[in-house]
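Consider how charged and aromatic side chains pair in the model below. The paragraphs that follow go through salt bridges, ring pairs and charges over rings in turn.

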Amino acid sequence: WDLIKDNEVLPLITKRRHQIGGFFILHSDNDRAVFAKFVKNNSLSSSGNLNSDIVIYQVLSRTDGIFVDIHMESCRSTFYPFLSKSSSFSSIYEKVKKRDKDCAKNLRSRTHLLAALDKVNENAGGQFYNDGDCQAHDVLRLIRLSSRSQRKLRFFCEGSGSANETLYHLTTDHMTSTSFEHRAAKLLIDPYHLIGNHSGTWFIMRIDWYVLSIIQFSLRNYRVDDEGDGSTFRNMNFFTVGITALYQSDDDVKKNIEENSGNKNEHYFGVSDIADEVERAHGKNLSRALYLALRNSENSPATFTRDDISHALQFCSFEEVLQLPVSLDDLSMQLGSQVETMTGRKLLEVIQSLLRTIPGSSDDIFYFYVQDMPHINEFDQDGVTSTPFDLHEVQDEFSGGHGENEFVNGNPAIDIVSYVDEIDPKRDKQEYEPPIFFRFTLDGKTASVQDILGLKRSV
């Protein structure tokens, strides 16, 4: 029989025929391999021992293809023993042929996908290879042979406007950027096309020379109520396979398909470190997506749950940038708790000329919303004077001097990840600037809008 041409077919068959089939290697070079194996049959020799037949197996790689010959020589005095389909030769022939052919198909799929990673869109036959349907077929072949590990990535609940769409694109863009420590390529597969039981955005990543991982990032939200908060997540699956696992027939795969899921090989293949890096970047993207959705809320109204806001802000670091005394007579005894004061209204008016509260934050977290205003001039209102306001200086202050494309991660258990390394002119420039959130305190306690409006004494 003949096999699909691929440079990895002969080396892999040589290795696996010896390891799995128990064949002796009689000859092996770059173009040819010859193997032999003794097979016991049920007939007895004159001495009462079981007779042995011998299988000779040859693989020849030529420019026009890969060809396999298999022969079997029976013990002496046995004539035409292999005509029956139930014979040992027929069984070996069918099994080896099936495995060889399916192995060659698996290797071709691997080569196609790695060509996408290397930005080489030609297959071994020289045809242009940029068809998403072909890539979907190759992905299907390989994920059935793979070990699957899964990470849950946090998203926002319903009603969050453009936040989830922005978050999804920020994370997928990061995975193909030069800031990502591992080379990955986005495949051309329709994200709504079902492959097995999975759909979404697909990536190919080479972990090392022999191991690759196919990554699926789902578009579907699902809620988890384990902690009673109803948080929203999307799955990211890593289908990881080594080249030696490709020597399986499709029948072998059907038998073992239930064993191919789970996290058993995540650490062995190094997928755990890769998934951790994606999670760190995704956490920073949560803060950025929240900020961008708020600034775009006029076009796409957005509101957030308190839990979503708290989770997104844990990836930011709040630092004191201004301390301002406000003096007025103590009116605490004369006025009730819900009464607004003139000083409070004027102070909030100044704040709201630049900032807005995040819907769902109990009115105590603000975001910078002014469009196209890199500098704000000095202003004086009721004796309160500010210095010139420079948006980029505030960004640098919040990023600890890391520049516009990074911001400080406030969670000490998570490392800082820089993921904006090149600006796409087709994308909104705001996506490449760090989010700016504000919190006000009165005498060291976080202040809400109502606290500011009801200011009754000096602070």
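**Side-chain contacts**

D364 is buried, with a relative accessible area of 12% (buried is under 20% relative accessible area, exposed over 50%, partly exposed in between, with a 1.4 Å probe and protein chains only). The partner of D364 in a salt bridge is R306, with the closest N and O atoms 3.1 Å apart; a salt bridge here is a side-chain nitrogen of Lys or Arg within 4 Å of a carboxyl oxygen of Asp or Glu. Because R306 lies in helix α7 (residues 306-313) and D364 in the loop between β12 (355-357) and β13 (366-368), the pair ties together parts that are 58 residues apart in sequence. Helices (H or I, at least four residues) and strands (E, at least two) are DSSP runs, numbered from the N terminus. R306 itself is partly exposed, at 38% relative accessibility.

The model is predicted: local features need pLDDT of at least 70, side-chain atom pairs count only at pLDDT 80 or more, and totals for chains, interfaces and linings use all residues. Residues are numbered from 1 along each chain as its sequence is written, and side-chain values use heavy atoms, with hydrogens and water left out.

A search of the whole structure gives nine salt bridges. One of them joins D100 and R17 at 3.0 Å, N to O. This pair links distant parts of the chain, with D100 in helix α2 (residues 88-117) and R17 in helix α1 (residues 9-19), 83 residues apart. D100 is buried at 0% relative accessible area, and R17 is buried at 3%.

Another salt bridge is formed by D276 and R151, whose closest N and O atoms are 2.9 Å apart. D276 is in helix α6 (residues 271-295) and R151 in strand β6 (residues 147-155), so the pair ties together parts 125 residues apart in sequence. R151 is buried at 12%, whereas D276 is partly exposed at 27%. Together with E279, these two residues are linked in a network of salt bridges.

Turning to the rings, the structure holds eleven aromatic pairs. The ring centres of Y168 and F217 are 4.5 Å apart and the planes are at 25 degrees, so this pair is stacked. (Rings of Phe, Tyr and Trp, the last by its six-membered ring, pair if their centres lie within 6.5 Å; planes under 30 degrees apart count as stacked, over 60 as edge-to-face and the rest as tilted.) F217 is buried at 0% relative accessibility. F23, F35 and Y57 form one aromatic cluster.
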